[in-house]
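Welcome, and please open the model in your viewer. We will go from one selection to the next and look at what is there.

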Amino acid sequence: MLNRSDLFVTYRLDPRSSAAMPAYHPQSIEPKWQKYWEDHQTFRTPDRSDRPKFYILDMFPYPSGAGLHVGHPEGYTATDILARYRRMKGFHVLHPMGWDAFGLPAEQYAIQTGAHPAETTQKNIDTFRRQIKSLGFSYDWEREIDTTDPRYFKWTQWIFLLLYDTWYDVEQKKGRPIAELPIPEEVRGRGDAAVAAFQDLHRLAYQTEAPVNWCPALGTVLANEEVIDGKSERGNHPVVRMPLKQWMLRITAYAERLLHDLEPLDWSEAIKEMQRNWIGRSEGAEIRFALAHPPATLSEAESAIRVFTTRPDTLFGATYMVLAPEHPLVSLITTSEQQAAVRAYQEASARKSDLERTDLIKKKTGVFTGAFAINPATKTKIPIWIADYVLASYGTGAIMAVPGQDQRDWEFAVVYNLPIVRTVQPPKDWTGEAYLGDGPAIESGFLNGLYVAEAKQQIIAWLEENGLGQRRVQYKLRDWLFSRQRYWGEPIPLLHEVDDQGRRTGRIVPLSVEELPLRLPDMKDYKPSGQPEPPLGKAVDWVHVERHGKRYQRETNTMPQWAGSCWYYLRFIDPRNDRMLCDPEKQRYWLPVDLYVGGAEHAVLHLLYARFWHKVLFDRGYVSTAEPFQKLVNQGMILGEMEFTAFRSKKGHWVSAERVDADSAADKDTEEPYERVKLSEEQVEKHSEGFVLKDEPGVRVDARAYKMSKARGNVINPDQVVGEYGADSMRLYEMFMGPLEATKPWSMRGVEGVFRFLNRVWRVMMSEESETPKLADAIQDVAPEPETERFVHLTIKRVTDDLDGMRFNTAISAMMELTNHLTKLPVRPRSAVQTLVLLLAPFAPHLAEELWERLGHQATLAYEPWPVFDPGKLKADQIEMAVQINGKVRARIMVPAEHDAEQLTQAALAHVNVQEHLKGKTIKKTIAVPNKLISFVVA
RNA sequence: GCCGAAGUGGCGGAAUGGCAGACGCGUCGGAUUCAAAAUCCGAUACCCGCAAGGGUGUGUGGGUUCAAGUCCCUCCUUCGGCACCA
């Protein structure tokens with residue numbers, strides 16, 4: 001079995017030779033230049049400049065106890081290369097780093113060990129900072145921020161209060177101060193409390209009863225991230241949903257703008273599509289179905305069931321209705337005979353996790369309420385059921401069931417023997433159940449004969465005329481559940497007024513800016529209470545507050561981890577400002593972020609939440625752009641080294657991989673468990689479709705790279721790579737592996753490959769003969785040969801173009817080719833090697849600085865102008881061109897570059913092999929494209 | 001099931017519709033060395049051929065084109081996301 005240390009031992013270059021010889025030795029070069037940059041404040045970024053700005057941002061990490069993962073430096077290297085490149089191109093570059101440091105692991109660790117989360121967090125940050133610094137990134141460390149720093153979360157809390165102080169004006173399509181919310185006369189008439197309640201109903205931050213993930217076994221509420229497939233991530237205990245008063249953020253008010261403003265952004269289409277799907281806009285109608293026998297206790301508004309449908313055209317086919325089990329009307333309309341059954345069903349579905357409820361293979365279930373509604377189109381009585389295939393949280397929590405045109409309704413109708421009426425004519429050969437396609441309406445009164453789109457228009461007009469419903473847009477996006485029953489997060493800066501008995505009156509008082517930051521109380525016991533109440537409730541002294549003779553309790557929920565990362569890109573612009581979150585003028589200069597790089601796991605939530613906050617800040621006048629991140633790139637995942645796995649049965653026979661389920665290692669048919677046997681490269685060979693055992697070629701072997709994980713033991717530690725090969729090799733390898741966005745497997749041999757390249761660069765310039773490092777005698781102040789000159793200019797062009805297109809792997813290839821060329825030259829022009837050093841500088845900055853110094857320069861090359869190529873020097877005198885006959889290459893000819901089509905044709909015809917292939921044929925067509933090829937079509 | 005991305009040598013990968021496999025790894029041969037490591041030079045898709053050369057090749061099947069890895073259609077596989085959203 002191959003393990004990590006074996007890999008290092010096997011592939012490591014002998015360190016003794018590098019220490020003794022004046023060879024490339026990153027272990028001494030790299031600390032030297034890192035110290036230089038720090039001492040000279042080389043990458044300190046002044047707030048303003050006359051130069052064009054470039055704000056290049058990494059998704060800042062959560063500093064986990066495990067230290068940096070090789071996945072982190074992938075994105076960081078890409079952005080660092082671009083930051084350094086842009087500086088050399090004359091841009092004023094903002095390139096900061098910080099820590100997303102609130103979160104669960106520190107709290108879990110505290111529960112286990114008693115260590116304060118702030119301590120472990122600082123320790124982890126120190127490790128991350130050291131590791132990141134060891135890679136030589138050009139961050140302006142003066143701008144470092146930490147979301148758990150009170151000077152930072154003061155403003156996170158301030159933004160929360162801004163959200164609390166904002167309502168969404170649908171007319172103006174923007175968030176406005178709550179003081180500007182128009183209060184209806186009728187509300188005002190009922191007094192201050194009614195006005196306050198009305199305002200609370202409209203705030204972007206509001207409270208509601210919302211279901212949370214309650215884990216009875218752990219005695220705690222879990223965040224969604226902690227729930228995997230309906231079980232707790234830790235311990236694998238069942239999780240149920242229970243309602244609890246929660247803070248919510250009204251992100252749904254911004255759904256349309258979040259969708260619309262996505263369009264012009266320079267993001268990958270994939271990410272945009274994921275966001276669009278998440279927002280999930282659909283157009284349709286809201287329709288009111290009157291109850292057939294409304295209970296006398298209900299008001300007129302209450303005695304109708306509102307539904308949302310995207311297919312109002314199928315209204316005539318609505319043969320029953322379904323309410324979500326949690327729908328408030330259920331208890332009001334259920335008849336006495338059905339009470340028991342309905343209550344039992346409600347309780348059963350409450351116990352189910354989301355996963356169980358959405359389990360697709362299960363049969364549809366439901367219970368009849370005993371009540372009926374009137375289909376407004378057919379005027380017939382239709383039964384009202386409850387079923388958990390209808391979600392309380394989408395639309396109105398109720399549907400009109402149209403089994404003829406909806407597969408889910410069809411399945412339900414079949415189970416409970418409910419009527420099915422087709423109201424869209426399916427095609428003649430239709431054999432399916434519900435028909436969702438287009439077709440003429442049937443059995444639909446005045447809609448008959450109309451196709452779907454037209455029928456929708458007609459029925460909506462009819463509904464609106466008759467006051468039965470209206471056009472409506474619905475979003476899948478839900479409001480953001482913002483509170484966590486946790487310790488290690490930002491406290492929510494609100495006070496709840498309590499009466500003499502200590503009960504909350506419902507009145508809420510926000511803290512003033514002067515009272516911020518509201519710090520966490522120091523606690524010994526972070527353990528969840530065993531009840532679904534936040535641990536902060538146990539800090540009695542902290543919770544109880546008295547002011548102006550009134551008693552208050554602090555809010556004990558904390559903010560989710562997303563909060564701190566929602567606006568950090570803004571704080572980097574003005575990280576030490578203690579008067580406001582960010583100076584308006586600085587913000588105007590730096591925003592938007594020109595390039596944002598990070599993992600695809602944040603494709604939806606983080607980016608959506610940050611965009612939402614940004615838009616609120618925009619509406620309230622604190623930022624000047626509608627969007628925070630102009631260009632977004634997601635780096636791909638780095639997998640472990642390729643592994644070969646064979647499967648062996650209990651009896652010791654090899655089992656071919658195609659018969660085995662790769663995840664469980666069990667037989668696909670018999671489910672017999674097999675043993676996994678790791679193989680070395682020497683034990684396998686490629687056989688047509690896959691790898692097989694060398695000794696037993698009939699046995700297929702599983703060959704793939706896996707996600708890095710502690711359990712699998714395939715985690716690569718960046719410290720070890722930097723220690724062995726240096727930061728420059730680490731950086732270069734991460735970029736050379738393949739396209740930034742691609743998922744790719746790690747290879748230690750690949751690291752060694754780029755390390756050898758850096759050694760070649762060193763030897764191109766440095767003498768190997770002398771005892772101490774010395775410039776090679778081959779470096780001379782001479783003009784380059786035309787071929788070398790052309791090579792240099794071509795390389796400048798390739799590297800520049802590739803950097804602009806973020807194709808780091810091919811840029812490195814280009815530099816390798818130039819290095820290989822220069823290596824062969826007995827005399828290497830100083831100008832040529834100097835250009836190579838400058839091109840290499842963003843990628844391998846330590847080596848480049850060292851060589852730059854050896855070449856006789858006094859100062860850092862960080863702000864040297866980027867090399868420029870002369871397009872006139874890219875062309876060769878003679879070029880090789882291919883000659884095709886009927887699409888096949890039959891010859892290659894050297895021709896002067898300026899040859900025109902006619903000259904090319906003549907040159908091609910002169911070639912022996914061409915003549916051979918043309919013998920006895922007639923040329924029907926000749927295509928000669930200068931710089932491309934010459935092609936003859938013959939018959 | 002739906003949406004998205006991707007399938008190219010032994011491996012990572014490269015190719016504005018114009019010479020498939022750049023560059024790197026690995027492997028083989030050679031130089032250097034007492035020997036090894038490191039380094040340097042050469043070869044390396046597959047098949048036939050001593051060679052010149054020829055044939056076949058970018059997941060599958062079809063199409064467009066003088067010319068397709070690249071464009072269009074079909075299917076298959078892998079990865080990522082969403083998933084009873086009415």
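**Stop one: a sheet**

Select β22 and strand β23 (residues 550-554): the two pair in the antiparallel sense over four bridges. Strands pair if DSSP finds at least two bridges between them; strands (E, at least two residues) and helices (H or I, at least four) are DSSP runs, numbered from the N terminus. Pick Glu 546 next, and you will find its bridge partner, Arg 551, in β23.

A word on the model: it is predicted, local features need pLDDT of at least 70, side-chain atom pairs count only at pLDDT 80 or more, and totals for chains, interfaces and linings use all residues. Residues are numbered from 1 along each chain as its sequence is written, chains are lettered from A and ligands numbered from 1 in the order in which they are written, and side-chain values use heavy atoms, leaving out hydrogens and water.

Now show the whole open sheet, four antiparallel strands in the order β21-β20-β23-β22. Because β21 (504-510) and β22 (544-547) are at the edges with a single partner strand each, one side of each has no neighbour in the sheet.

**Stop two: helix α7**

Select residues 150-164, helix α7, where 14 of the 15 residues are buried (under 20% relative accessible area, 1.4 Å probe, protein chains only).

**Stop three: helix α29**

Finish at residues 901-909, helix α29, and colour its buried residues Leu 904, Thr 905 and Ala 908. They cover an arc of only 100 degrees around the axis, so they lie on the same side of α29; the arc is that of the directions from the helix axis to the C-beta atoms. The buried residues of α29 pack against elements including β37 (878-885) and α30 (912-918), with contact meaning heavy atoms within 4.5 Å.

Conventions
Buried means under 20% relative accessible area, exposed over 50%, partly exposed in between (1.4 Å probe, protein chains only).
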